[in-house]
Amino acid sequence: MHSNHLLLEEPIRMASILEPSKASFFPAMTKIVGTLGPKSRSVEDISACLKVGMSVARFDFSWGDAEYHQETLENLRAAVKSSKKLCAVMLDTVGAELQVVNSSEKSISLQEDAKVVLTPDKGQESSSELLPINFSGFAKALKKGDTIFVGQYLFTGSESTSVWLEVDEVKGQDVVCVIKNTATLTGSLFTLHASQVHIDLPTLSNRDKEVISTWGVKNKIDFISLSYTRHAEDVRETRDFLAKLGDLSQTQIFAKIENVEGLTHFDEILQEADGIILSRGNLGVDLPPEKVFLFQKAALYKCNMAGKPAVVTRVVDSMTVNLRPTRAEATDVANAVLDGSDAILLGAETLRGLYPVETISTVGKICAEAEKVFNQDLYFKKTVKYVGEPMSHLESIASSAVRAAIKVKASVIICFTSSGRAARLIAKYRPTMPVLSVVIPRLKTNQLKWSFTGAFEARQSLIVRGLFPMLADPRHPAESTNATNDSVLRVALDHGKASGVIKSHDRVVVCQKVGDASVVKIIELED
């Protein structure tokens with residue numbers, strides 16, 4: 001196991017646990033992705049979510065049409081403007097998702113030991129005896145004894161609202177199942193997951209392509225969450241598709257690992273993807289419960305060593321209807337941070353939950369507490385050892401900046417970057433202080449018009465643990481004379497002071513390019 005870098009080695013004073021947490025400008029180094037929906041789409045609600053720590057807004061196209069999501073996105077833009085908090089946009093694809101269609105939205109009662117038929121005939125109405133599904137090839141993939149899980153979309157795992165089925169027989173395109181637990185299904189859309197069964201559907205469906213090439217292009221989305229990624233080829237195909245769309249060639253692809261197939265090809269997927277989302281809801285159905293933690297620890301370690309953001313889902317399901325998480329959930333959030341997660345993704349909790357703002361706030365507070373006891377020293381040594389020698393030029397500069405910042409107890413690391421890569425490499429070494437990533441815009445042309453890069457790069461760092469971006473004035477290039485760099489540095493320091501991260505007499509580590517050389521310097525602030 002790779003996670004003995006979890007906790008600080010010195011014992012924690014019990015009395016210190018009772019000390020109130022100090023409020024800070026950055027609620028936590030770990031980022032929070034919130035799924036926007038019915039309970040979190042007004043300008044007021046989104047503003048409140050941003051203020052308590054949401055830095056990426058997820059738009060889930062498994063439900064709701066483009067018009068609905070566009071309205072929510074316009075509200076997000078208004079909230080960003082009024083709250084002065086940057087927020088990235090993530091589009092979540094539908095992919096090879098199996099769904100039960102319940103157009104009447106009537107509750108469906110299922111009794112233990114009774115039988116229910118799954119049929120691809122979507123014209124039929126859902127009932128206790130019949131559930132219409134969205135895939136005609138389902139029966140071909142199944143055999144007697146296979147396990148199927150059906151739950152409300154973004155199910156929370158409550159046994160009274162989700163059901164386990166066992167395949168009894170396959171009749172043509174119909175699948176006859178025995179109900180394993182009594183449950184009542186409510187809502188218009190249920191997710192269906194067949195445990196460890198290959199589903200012959202494309203990872204990027206025609207509908208996904210349509211949504212990306214219209215809604216995605218129009219809104220220049222920062223991230224695509226590629227649902228049901230099963231092979232590295234899925235990521236490559238999506239990247240080729242994005243490249244043809246011009247405006248989305250910079251959009252980052254986060255591979256969502258949701259089943260055993262994705263788990264089996266994890267290493268090759270990680271090489272191709274820009275980041276990984278561990279979809280523990282569906283994975284928890286595909287894997288035996290006792291194996292889920294093992295996959296989480298191994299996957300997060302691999303992501304950390306590769307320097308690619310890792311996002312963990314399904315942490316505080318009970319907060320969909322409760323104001324406080326369970327003890328197990330609170331511990332689970334902390335363990336995700338200690339295991340090396342960059343961000344926590346909230347689904348049902350913010351989409352249809354009763355307490356979206358409180359959920360983000362609570363998760364942020366737990367993350368902040370866990371970060372205080374994260375054993376950075378051991379983590380740093382492991383990462384350096386894993387990278388090996390000789391290090392690349394950039395990796396060497398990044399690790400040196402972090403080591404210097406820790407040795408001089410710097411309050412912040414300021415990194416000048418135009419692509420965002422240097423700042424991400426610094427964050428890879430998990431410094432204990434925030435990394436202020438000053439993104440220097442570059443001028444580019446497509447022969448028809450001039451435009452500046454930078455906004456994409458700034459927003460894309462909003463999913464990386466410890467990175468906090470600010471866009472510099474485009475008149476100051478990233479590689480330039482000391483005079484212009486000093487003026488950008490002054491702006492960055494003022495931003496740090498205004499946000500309360502930097503105070504008089506603090507030390508700050510600056511990482512920048514001067515001419516052809518990369519420089520790490522330590523500055524001590526005067527009054």
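This is a predicted model: local features need pLDDT of at least 70, side-chain atom pairs count only at pLDDT 80 or more; totals for chains, interfaces and linings use all residues.
**Entry 1**

I looked up how H15 and H16 pack. Two packed helices are described by the angle between their axes and the distance between the axes. H15 covers residues 393-407, and H16 covers residues 421-428. I found that their axes come within 8 Å and cross at roughly 55°. That angle makes H15 oblique to H16. I also noted the hand: the crossing of H15 and H16 is right-handed.

**Entry 2: the contact residues**

Next I asked which residues of H15 meet H16. On the H15 side I listed Leu394, Glu395, Ala398, Ala401 and Val402. On the H16 side I listed Arg421, Ala422, Leu425, Ile426 and Lys428. I sorted this contact by class and got seven nonpolar residues, three charged and no polar.

**Entry 3: the cavity**

A search of the whole structure finds two cavities of 30 Å³ or more. What lines the second largest cavity? I wrote down Cys303, Asn304, Gly307, Lys308, Pro309, Asp342, Tyr379, Arg424, Ala427, Lys428, Arg430 and Val464. Helix H10 (289-306) and H16 are the elements that give two or more residues to this lining. H16 gives the most, with three residues. By class, the lining of the second largest cavity has five nonpolar, two polar and five charged residues.

**Entry 4: the link**

I checked Lys428 in both lists. Lys428 of H16 is among the residues that meet H15, and Lys428 also lines the second largest cavity.

Methods:
Residues are numbered from 1 along each chain as its sequence is written. Side-chain values use heavy atoms; hydrogens and water are left out. Axes are lines fitted to C-alpha atoms, for helices over the stretch in contact, and angles run from 0 to 180 degrees between N-to-C directions. Helices (H or I, at least four residues) and strands (E, at least two) are DSSP runs, numbered from the N terminus. Angles under 35 degrees count as roughly parallel, over 145 as roughly antiparallel, 65 to 115 as roughly perpendicular and the rest as oblique. A crossing is left-handed if the near helix is turned anticlockwise from the far one by less than a right angle, and right-handed if clockwise. Contact means heavy atoms within 4.5 Å. Ala, Val, Leu, Ile, Met, Phe, Trp, Tyr, Cys and Pro count as nonpolar, Asp, Glu, Lys and Arg as charged, and the others, Gly among them, as polar. On a 1 Å grid over the protein atoms alone, a cavity is a set of points where a 1.4 Å probe fits but cannot get out, and a pocket is an open set with protein on both sides within 12 Å along at least five of seven lines; lining residues have an atom within 4 Å of a point. Grid points are joined across faces, edges and corners, and a volume is the space filled by probe spheres set on the points.
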